[in-house]
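Here are a few exercises to work through with the structure open. Try each one yourself before reading the solution.

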Amino acid sequence: MISLNNFSKDIVFKKIGNISPTARKLFLILIDILVVPLVLFFGFWVKHESPFSEEFLSTTWIINATLLLGIPFYIFTGQYKSLTRYVGSRSLYYLISRNSILILIIIIIGKLWNLTLPSGGNLVIFLILVSFMSGGIRFLLRDLLLYFSDFKKKNLKKVAIYGAGTSGAQLEATLRLSYDYSIEFFIDDNKELWRRSLNDIPIKSIDFLKNNVHKIDQVLIAIPSIKKSNYKKILDQLSEYNISVLTIPSLSEIASGKSKINSLRPILVEDILGRDEIPPDPILLSKSINNKSILITGAGGSIGSELARKILEINPSRLVLLEINEPSLYQTQRELKNKHPENEIFSILGSACSKNLLENTIRNYKIDLIFHAAAYKHVPLVEENPIIGVENNIFSTLNICEVSQNLKVGKVVLISSDKAVRPTNLMGVSKRISELIFQAYSSNKEFHTCFSMVRFGNVLGSSGSVVPLFREQIYKGGPITITDKDMVRYFMTIEEASYLVIQASALAKGGEILLLDMGEPIFIKTLAEKMINLTGLRVKNKTNPNGDIEIIFTGKRAGEKLYEELLISAESEKTLHPLIYRARENYINYEILLGELKKLRKYLQSFDYDSTFKVLKNLVPEWEKNP
């Protein structure tokens, strides 16, 4: 129940916070009228100990002159136009400049009219006192207005800012003016800053959180230029305290105007992984894309659409998008054309399984380079629909190779997967056979098209990724579902993967498998726990039954592996790019492979599961089919 006393207090605070601009302006004018005689009196008292000296009495005309000239001068030069609640150091500089000009005018008047002028020392004291007293009152008024504005004090979110550098100071100043936050303290790794303060806010070490985390609601990270590996260390430490963590945008986002320093965002999984990305090599990018006519199959998918975005930054002569899913194609086309209206972008609605469509597209648009990203990738769905999944993934690849060779396309790149290595599921089998097709075509000496493959692991944000699923489950209050506590995966951002695929295409010589360095693998359970902790929640388990989000292990799904690999048996070789490796693996003779694929097509068309699986096992003997 709200007491009458609190109610009346709220009304008073609201009235103070909502004083009209006219009233504020009159109040500031009144302040200046009172300050001038007071300052002149005080200045003489400081210098002469007696304000009623002969010099003081002979110079009292300055009070009248200052008021008669000063107030109109202040009004004319915009002294009362600035918003009081946003008064800063610049306003004080302007005030000193106006007062300096005003004193200069008074000196000129005194000289012209032969009036008694104070000594130079008194004039300096007068300038200093009138400027800083008037400015100080304005700062005081600003703080009072911010404090009482809409009486928000009781609703402030208590936060700590991690980073007491320039960005931290800017964030503190911005948040202080917004008055939605109360900055309790700064955290910084620099020992020299500990026990010091920034704008009267103490700077502490991260260990200070151990006994004081209950005093804050959030930690705001304000270190936009930090290396991701160091950033990960900070997040690892903060995740132990079950505190909500937000961060400011990167320097590039702030510099480009895309974001402001107070545009706080949640911690992304990319931040948790802490992988330092190597900037793309502009020479490799340009070599592969510049002035080329490029076709992307599966262009509406997560990898295909991101490839399209990156390719359009590198000046292709045209970009052709092939996609069977109409909504995905429409969305991708619309986004790309809005962002790159000057580029030639063409959309083809259809399947890479249609040989006639491929031939028509490659001829019409004079395609130089193809990125084959079209495939069914969702492991459980392909397990449940083996005939359709295998047929689509394998024979779209065969069509691409056959048509590209016949029409003399310069280079074709297959987007493969780590699931192709010693596969335990049909999606992985189909990807391994797709690699075998590319290898067979590349080994045929009569063919001149460069066929190469790029193999990498899980991509953050791609369709089927666990990250959006975990985020949704946390938002709904849990539980988070994981198939196995020992599940391990490699992860890479979709942006980095796309740039590396493009650069790999420039390094491709034909027949090799180009492997992307995925960094260190991470336990899926660890990933889920950090995502929970960094939202300020706690994992609910036997040791913490009062936690917020439970993690449930549902058991491995059909065809699922505990860990993924990138190599089969060959040793990888370094390339010109530090994150791209080259491997040559065993392949099947072109004629033999085509004979097996002919049988496979027949069995698939008749939905002969047993015969289909026999051919698949024959082509990929390392396939460990789940019972």
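**Exercise 1.** Which residue in strand 23 is the bridge partner of E573?

Solution. Keep in mind that this is a predicted model. Start from the sheet: nine strands make up an open, mixed sheet, running 10-9-8-11-12-13-18-23-22. Strand 10 (345-349) and strand 22 (573-574) sit at its edges with a single partner strand each, so one side of each has no neighbour in the sheet. Next, look at how strand 22 meets strand 23 (residues 580-583): the two are antiparallel and share two bridges. Now pick out E573, and you'll find R582 as its bridge partner in strand 23.

**Exercise 2.** Classify the ring pair of F447 and Y590: stacked, tilted or edge-to-face?

Solution. You need the distance of the centres and the angle of the planes. The ring centres of F447 and Y590 are 5.5 Å apart and the planes stand at 85°; the cut-off for edge-to-face is over 60 degrees, so that's what this pair is. Then place the partners: F447 is in the loop between helix 18 (426-443) and strand 13 (450-456), while Y590 belongs to helix 22 (residues 590-605), 143 residues apart. Both F447 and Y590 are buried. Finally, follow the ring pairs, and F447 and Y590 turn up in a cluster with F438, Y441 and F451.

**Exercise 3.** Is L115 buried, partly exposed or exposed?

Solution. Find L115 in the loop between helix 5 (89-112) and helix 6 (120-148). Its relative accessibility is 36%, so call it partly exposed.

Notes:
Residues numbered from 1 in each chain as written. Predicted model: local features only at pLDDT ≥ 70, side-chain atom pairs only at ≥ 80, totals over all residues. Heavy atoms only, no water. Phe/Tyr/Trp six-rings, centres within 6.5 Å; stacked < 30°, edge-to-face > 60°. Helix = DSSP H or I, 4+ residues; strand = E, 2+ residues; numbered from the N terminus. Buried < 20%, exposed > 50% of the residue type's maximum accessible area, 1.4 Å probe, protein only. Pairing = 2+ DSSP bridges.
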